[in-house]
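Reader: Please walk me through the packing of this chain, stating each criterion as you go.

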Amino acid sequence: MIEWRAYINELDESGSLDLIACNKVEVREIDSLSFVIILEQADFTILGAPFIVIGDIPVAVVYDGNNESGDYIYISKEPLSSWQSKYFYNFFGETEVFLSFEKKRVSFKSVRFDILARKENAILAEKMLGFLTENMEDAVAICFSRSKAGSKLDGDENHHFNKLDIIQKAILFFERSLPSFSKENKHSLKNELVLALQGNPTGPDSIYWALSNLDKLSAATHENVNVSFNNRGYFFERLPKEVSVKDYDLFENRVINHFFAHAENFLIYLIGMYKDKIESKGTHPYSEFIRFDHTMTRFSDMAINIKIKDIEGLIFRIKMVKHSYSKTIPSKTNKLTLPRLTSYVAKNSHYREAFSLVESCYRSNAPKLDGNNILLGLKNLSIIYEISSLILIHKIILNTFNVNLVQQGYREYSEDLPFGGIEKNRPNGFVNNYFSYSNEEYNIELFYEAKIYPLSSNSRTGDFIDTSNKIRNGFGKHHFCPDFILKIDSKKWGRPLNLILDAKYKDLETIKDYDILPLTSKYLLNIHSIDNKGFLKISPIDMLIILFAHQKKGRVLRTVSQRHCITGDNPVLPQSTGIFFFPEDTYLLEEHLQSLIIHMDKIYKT
């Protein structure tokens with residue numbers, strides 16, 4: 001038997017929570033928690049020591065002896081009296097807590113915690129969500145949920161397609177490929193009977209028509225006779241004739257035209273489904289603490305309305321494409337026609353590409369809304385602040401350096417890969433984590449949550465290396481994962497400028513007491529790089545900038561005297577600092593970047 005309990009604010013057995021029996025727990029962000037896991041000896045032998053993960057952050061669990069029955073007892077390391085036991089401080093919304101064991105890699109049990117926030121944090125959340133909503137186009141382009149408790153933009157977590165995305169891609173293809181379908185299309189020739197003044201009823205169908213319409217014959221003079229019957233002349237006002245015409249009502253064209261009807265009907269259904277999700281939420285009984293869903297309602301409704309307008313625009317494009325193709329390759333559309341490879345499709349690339357897109361659409365699932373998760377799957381304040389910072393940094397780079405975004409994509413990291421990872425198709429629910437910018441003077445790279453691993457046989461010249469004395473744990477080889485790495489290279493400079501920016505939803509005092517020294521040690525002392533001879537050289541990190549969201553305790557945290565700050569008269573590198581950074585106030589980061597440019601230009605002035 002395995003027992004897993006949580007104690008909130010006090011070690012009172014009667015008020016503890018049985019997490020094995022729970023699926024969802026509601027706590028306040030200021031609550032202190034202690035976790036206790038008890039295993040029978042047989043379970044311990046099979047499973048090994050337990051560990052707990054909150055979201056994606058491990059919680060230290062230590063062995064606390066055995067009880068009278070010989071069961072193994074493990075408790076979370078931080079006591080309830082410790083500030084560090086406030087695991088959900090500055091969280092707002094939902095997160096999942098996982099119990100796993102060292103010999104069994106999959107999660108043994110997960111519990112969803114719904115965290116209620118203070119009013120102060122709810123106000124800041126509204127400001128950040130307002131910023132994201134106003135910049136929805138940028139946010140949707142690069143940001144999706146990375147939380148396991150977040151939104152699912154596809155109906156099946158294991159499926160790699162999204163029906164709406166495929167329809168958008170397909171309609172763009174058909175818009176661009178209309179000339180190809182006009183020039184080369186599948187058709188057959190068939191005889192068709194038409195009536196004309198100068199007809200010639202010599203074919204079997206024409207003769208049959210004439211014999212079936214003898215009542216339309218009229219007496220004729222020698223001048224207007226056009227039909228002879230039993231050696232007597234008669235007159236038809238219009239004579240039948242047989243002509244060869246193109247018949248487009250074939251399998252290949254039915255597949256395409258039915259797809260247009262299917263896509264239009266699906267999008268109309270989707271709009272109805274989205275509108276049903278716009279609903280009002282009630283207030284929460286707590287007066288001092290506020291639910292995330294209540295704060296999210298207004299912004300998620302705005303996001304849904306924006307999505308509805310996008311879909312309405314896509315429906316209009318489908319109508320235009322459907323009209324054009326109904327003239328180019330007219331066919332029946334009243335029956336579902338699934339694509340399959342025919343010899344004609346195999347020989348013609350535009351039909352082949354069209355069939356591939358149509359098949360992908362039919363195989364994919366509809367986007368699924370889960371309550372308020374439509375707004376990027378943002379489930380706590382730390383993630384909201386992190387995503388807001390990503391969008392703000394992107395905009396600041398464009399404006400400060402006057403560069404263009406030349407590439408954005410997803411990089412996969414592993415201890416067996418060099419720094420920078422390898423390009424991969426972005427999985428559903430993840431964020432693009434690599435961006436590059438350039439102009440005639442600058443080449444800039446922005447890495448989001450890049451992993452920095454220890455030295456290995458796969459390390460290359462220029463790679464960042466984790467040289468800390470941390471060891472491998474249950475999550476693999478130890479690595480650093482700063483929020484942002486910014487590499488700025490100028491043709492004027494002899495080397496790139498490397499910055500680490502870490503976004504913390506905290507205030508200056510908390511950063512000063514708990515973050516600035518550990519992060520300085522981590523990023524300025526324990527990251528090195530490989531030179532062109534294969535040796536490790538001094539730290540390549542020029543500056544650590546901690547971005548924080550609360551300004552009530554101050555706006556700038558310095559680790560060197562004011563004159564030696566990067567904005568001072570005699571700046572030095574490397575150094576670390578903390579600055580206030582929020583959607584409505586990005587001045588300090590902009591000032592620091594401009595000061596860094598001036599400093600580097602002076603150093604490498606020719």
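Reader: Is phenylalanine 35 buried or exposed?
Author: This is a predicted model, in which local features need pLDDT of at least 70 and side-chain atom pairs count only at pLDDT 80 or more, whereas totals for chains, interfaces and linings use all residues. Residues are numbered from 1 along each chain as its sequence is written, and side-chain values use heavy atoms, leaving out hydrogens and water. With a 1.4 Å probe and protein chains only, buried means under 20% relative accessible area, exposed means over 50%, and partly exposed covers the range in between. Because its relative accessibility is 0%, phenylalanine 35 is buried.

Reader: How do the planes of tryptophan 4 and phenylalanine 35 meet, and in which class does the pair fall?
Author: Rings of Phe, Tyr and Trp (its six-membered ring) pair if their centres lie within 6.5 Å, and planes under 30 degrees apart count as stacked, over 60 as edge-to-face and the rest as tilted. By this rule there are 30 aromatic pairs. In the pair of tryptophan 4 and phenylalanine 35, the centres are 6.4 Å apart and the planes stand at 35°, so the class is tilted.

Reader: How far apart in sequence are the parts that this pair ties together?
Author: Strands (E, at least two residues) and helices (H or I, at least four) are DSSP runs, numbered from the N terminus. Tryptophan 4 belongs to strand β1 (residues 2–8) and phenylalanine 35 to strand β4 (residues 33–39), so the separation is 31 residues.

Reader: Which class describes the ring pair of tyrosine 442 and tryptophan 493?
Author: Both tyrosine 442 and tryptophan 493 are buried. Their ring centres lie 6.1 Å apart and their planes are at 70°, so the pair is edge-to-face.

Reader: At what distance from the ring centre of phenylalanine 251 does arginine 340 lie?
Author: A charge sits over a ring if NZ of Lys or CZ of Arg is within 6 Å of the ring centre and within 35 degrees of the ring normal. Lysine 163 has its charged end over the ring of phenylalanine 266, 5.3 Å from the centre. For arginine 340 over the face of phenylalanine 251, the distance is 4.3 Å.

Reader: Is asparagine 9 buried, partly exposed or exposed?
Author: Although not a glycine, asparagine 9 has a positive phi of about 70°, and its place is in the loop between β1 and β2 (17–18). Because its relative accessible area is 38%, asparagine 9 is partly exposed.

Reader: What is the relative accessible area of glutamate 449?
Author: Glutamate 449, another residue other than glycine, has a positive phi near 55°, and it lies in the loop between β20 and β21 (464–466). Glutamate 449 is buried, and its relative accessible area is 18%.
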